[in-house]
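Please walk through the model below, beginning with a backbone detail and ending with the arrangement of the domains.

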Amino acid sequence: MKRVYNFSAGPAVLPVSVLERARDEMLDYRGSGMSVMEMSHRSKEYMAIIAQSEALLRQLMGIGDDYAVLFLQGGASLQFTMIPMNLITDPATQSADYVMTGSWSEKAFAEAKKIFSDVRVAATTKSVNYCRIPTQAELTLNPNAAYVHITSNNTIFGTEYQEIPDTGSVPLIADASSNILSRSVDVSRYGMIYAGAQKNLGPSGVTVVIVRKDLLGRKANLPAMLDYQVQAKDGSMYNTPPTYAIYILGLVLEWVKEQGGVAVIEQRNVAKANKLYDAIDASGFYLCPTEKASRSRMNVPFTIAKAELTDPFLAGAKAAGLVTLKGHRSVGGMRASIYNAMPEEGVDALIAFMREFERVNG
Ligand SMILES: Cc1ncc(COP(=O)(O)O)c(C=O)c1O
């Protein structure tokens, strides 16, 4: 068996110890005589798994009792629809503000517009190809908005909020799909945080929603599956939840705890990202399109000044066991996603390859 360093933007690298544990428990989960995949979601064993996953997430992120933690399906993308459906209660007087920082914000905005045509853009950096996050001064916020929506890390463009915006009494909602659990956050500053699991939390198929309880039940007669209140009341078991994905998520959370928690993971992420950005900036051969103050610790886009060397770079990297480095088509070049589970050795191996490639081709 040969494992590669996988720089995929998602689904993405998972800790090896988590995969080994899942393998060991595959046929007989802790004496139950069956796989978690075969278990009723109402069984005692499974109820313990989902309760433990929630408890660990609450502990690791410091989530207070005034927030519900939901494990939903439909990906982060379904949240683009559920948020306006659940939270814009009076379309005649209320709108919602969207801060546009990339493709995912655009998608969130486009879906919200289908629910309420009056949703607003509070700021955008599209004119500079989303190479930075807007400053607080650039935001034109509506004090009557139902919420302000941000994408806390922009997976495609490689930017990330270093400070979250001040939205006064308007609830702040963050799509944290690509940086949840990568840095400490003060959950109490948010109305809601949501994330598809397939980057820092586990496999695809489960979406974590952390929502302040006073935002639940604001709208009557929503379709049950799309109603946060129903999902909260039923403990994410209104229907059959993605049982196996939640189990793996729980194992990933245990791994984060074993590492020393989010603060330790954050330090490692800072070190990994700094190393890679420093290597890019120190060379005239590689370029990073993002502004320094907005750079993501999770997704590092870079190009080669001689664009014709992009394909040879990717082929050479793959041959060296460094895979899924192709940049998104809207940005081009390369993108190294270095989520929590990417070991520092993976970043070192990438930097060593980059230096050698530059030496030969520079
Ligand atoms: C920031 C962000 N938001 C939303 C999504 C969409 O997530 P999903 O595929 O779970 O719907 C992604 C996927 O890569 C993402 O990176």
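## From backbone to domains

Tyr130 counts as buried because it has 26 C-beta neighbours inside 10 Å, where 20 or more are needed for that label. The model is a predicted one, and in it Tyr130, although not a glycine, has a positive phi of about 55 degrees; the residue sits in the loop between β4 and β5. Ser236, in the loop between α5 (228-233) and α6, likewise has a positive phi, near 60 degrees, without being a glycine. Because 23 C-beta neighbours lie inside 10 Å of Ser236, this residue too counts as buried. Most residues other than glycine have a negative phi, and most peptide bonds are trans. Pro11 belongs to the loop between β1 (5-6) and α1 (16-24).

Gly10 leads on to the ligand, for it is one of the residues surrounding that molecule, a group including Ser77, Trp104, Thr151 and Asp175. By class, the shell around the ligand consists of two nonpolar, eight polar and one charged residue, and helix α3 (residues 75-87) contributes the largest share of it, namely three residues.

Trp104, another member of this shell, is among the buried residues of α4, together with Ser105, Ala108, Phe109 and Ala112. Viewed down the axis of α4, these buried residues fall within an arc of 135 degrees, and they therefore line one face of the helix. On the other side of α4, Ala110 and Lys114 are exposed. The buried residues of α4 pack against α3 and against the strands β3 (97-100), β4 (120-124), β5 (148-151), β6 (153-154) and β8 (172-175). Helix α4 itself, residues 103-115, comprises 13 residues and spans 19 Å from its first C-alpha to its last, which is close to the 18 Å expected at 1.5 Å a residue.

At the level of the whole chain, the domain assignment gives domain 1 (17-259) and domain 2 (260-361), whose C-alpha centres lie 27 Å apart. Across the boundary, 26 residues of domain 1 are in contact with 26 residues of domain 2. On the domain 1 side, α2 (44-61), β6, β7 (159-160) and α6 (243-259) each supply at least two of the touching residues, and α6 gives the most, with three. The residues on this side of domain 1 divide into eight nonpolar, 13 polar and five charged.

How values were computed
Residues are numbered from 1 along each chain as its sequence is written. This is a predicted model: local features need pLDDT of at least 70, side-chain atom pairs count only at pLDDT 80 or more; totals for chains, interfaces and linings use all residues. A residue is near a molecule or strand if its C-beta atom, placed from the backbone, lies within 6 Å of it. Helices (H or I, at least four residues) and strands (E, at least two) are DSSP runs, numbered from the N terminus. Ala, Val, Leu, Ile, Met, Phe, Trp, Tyr, Cys and Pro count as nonpolar, Asp, Glu, Lys and Arg as charged, and the others, Gly among them, as polar. The expected span of a helix is 1.5 Å times one less than its number of residues. A residue is buried if 20 or more other C-beta atoms lie within 10 Å of its own, exposed if 12 or fewer, and partly exposed in between; C-beta atoms are placed from the backbone. The arc is that of the directions from the helix axis to the C-beta atoms. Two residues are in contact if their C-beta atoms, placed from the backbone, lie within 7 Å. Domain bounds come from an automatic or database domain assignment.
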